[in-house]
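Please look at the sequence and the structure before reading on.

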Amino acid sequence: MLKLLAAALALTLASPAHADPFADFQTRVQNELIKPFALDLGGVLGGASAHTGRALGMPGFWVGAVAGVQTRPDKDDRILRDAGVHAFGVPLIEAGVGLPFKIDVIAHGITAHGLTIYGGGLRYGIYRTDLVDSFLPNVSISAFGDKVNHAYFSASHGSLNAAATWNLPIVKPYFLAGYDVTEVKVGAAATPGVSGVKATARGSRFSAGIDVHPLPLISLRGAYTLRHGIPGFDLGIGAQF
């Protein structure tokens, strides 16, 4: 399981260096296709930003790489579907630190193959267990915001998440529900009159996964995720204290 999670994340992080799933956006974008594209983009951004339900706690930290992957574009997202894109994802380099009052501050971003993403958010631990109540779930809520810049479009993304995790030894199961709001603005477009047009999409996410700690400070996360009804997965690997 550990090797599978690490290998899947490595493939996801490597993919932008070899192929840009958004390379045909300029030639395929139409007014009615912007919203379905925004729906798919927001889903993978939201999944990459999602965390387990346990707040880091002061002076906790997390540094690593995360990714959200969708197995196929939405049926109405003809920008990606007609370009022959199948599974696609967004990887991010991320860092988080625990503050007083059960608040975590998280920042992330990446620049790869003409795509730049930067953003971050706050997570609040509604309930964080100790040794005496470890059988109860840790519960947290979080809010994230992201900016995306590409040669052919720009986007802004916001997400809200609620998560619960059980702080068991080594393998920690978790469940998450999320909601994404994404606005995409067309930059360069081959179709006259489309450049500068905006559209906003809203979508849900539901995840079930595990957070594995095989060694001290090492965290591996993997989750099966439904993004507006389309299957995919979320991954994470990093150092955590």
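In what follows, Ala, Val, Leu, Ile, Met, Phe, Trp, Tyr, Cys and Pro count as nonpolar, Asp, Glu, Lys and Arg as charged, and the others, Gly among them, as polar. By these classes, the lining of the largest cavity has 8 nonpolar, 4 polar and 2 charged residues. The model described here is predicted.

**Nonpolar core**
- The largest nonpolar core has 31 residues, of which F25, F37, L41, F153 and V184 touch the most other members.
- Several elements each supply at least two residues of this core, including strand 6 (153–165) and strand 7 (171–186).
- Helix 3 provides the largest share of this core, 8 residues.
- Leaving aside neighbours within four places in sequence, V184 is in contact with residues that include F25, F37, L41 and F153.

**Largest pocket**
- The volume of the largest pocket is about 410 Å³.
- Its lining consists of 22 residues, and R54, N167, K172, H213 and Q240 lie nearest its centre.
- This lining divides into 10 nonpolar, 6 polar and 6 charged residues.

**Cavities**
- The structure holds 2 cavities of 30 Å³ or more.
- The largest cavity contains about 70 Å³ of space.
- Among the 14 residues lining the largest cavity, G47, A50, Y174, R221 and D234 lie nearest its centre.
- Strand 10 contributes the most to the lining of the largest cavity, with 3 residues.
- The second largest cavity contains about 40 Å³ of space.
- Strand 5 gives the most to the lining of the second largest cavity, with 4 residues.
- The lining of the second largest cavity has 4 nonpolar, 6 polar and 1 charged residues.

Methods
Residues numbered from 1 in each chain as written. Predicted model: local features only at pLDDT ≥ 70, side-chain atom pairs only at ≥ 80, totals over all residues. Heavy atoms only, no water. Core = buried A, V, L, I, M, F, W, Y, C linked by side-chain atoms within 4.5 Å. Buried < 20%, exposed > 50% of the residue type's maximum accessible area, 1.4 Å probe, protein only. Contact = heavy atoms within 4.5 Å. 1 Å grid on protein atoms, 1.4 Å probe; cavity = no way out; pocket = protein on both sides within 12 Å on 5 of 7 lines; lining within 4 Å. Points joined across faces, edges and corners; volume = space filled by probe spheres on them.
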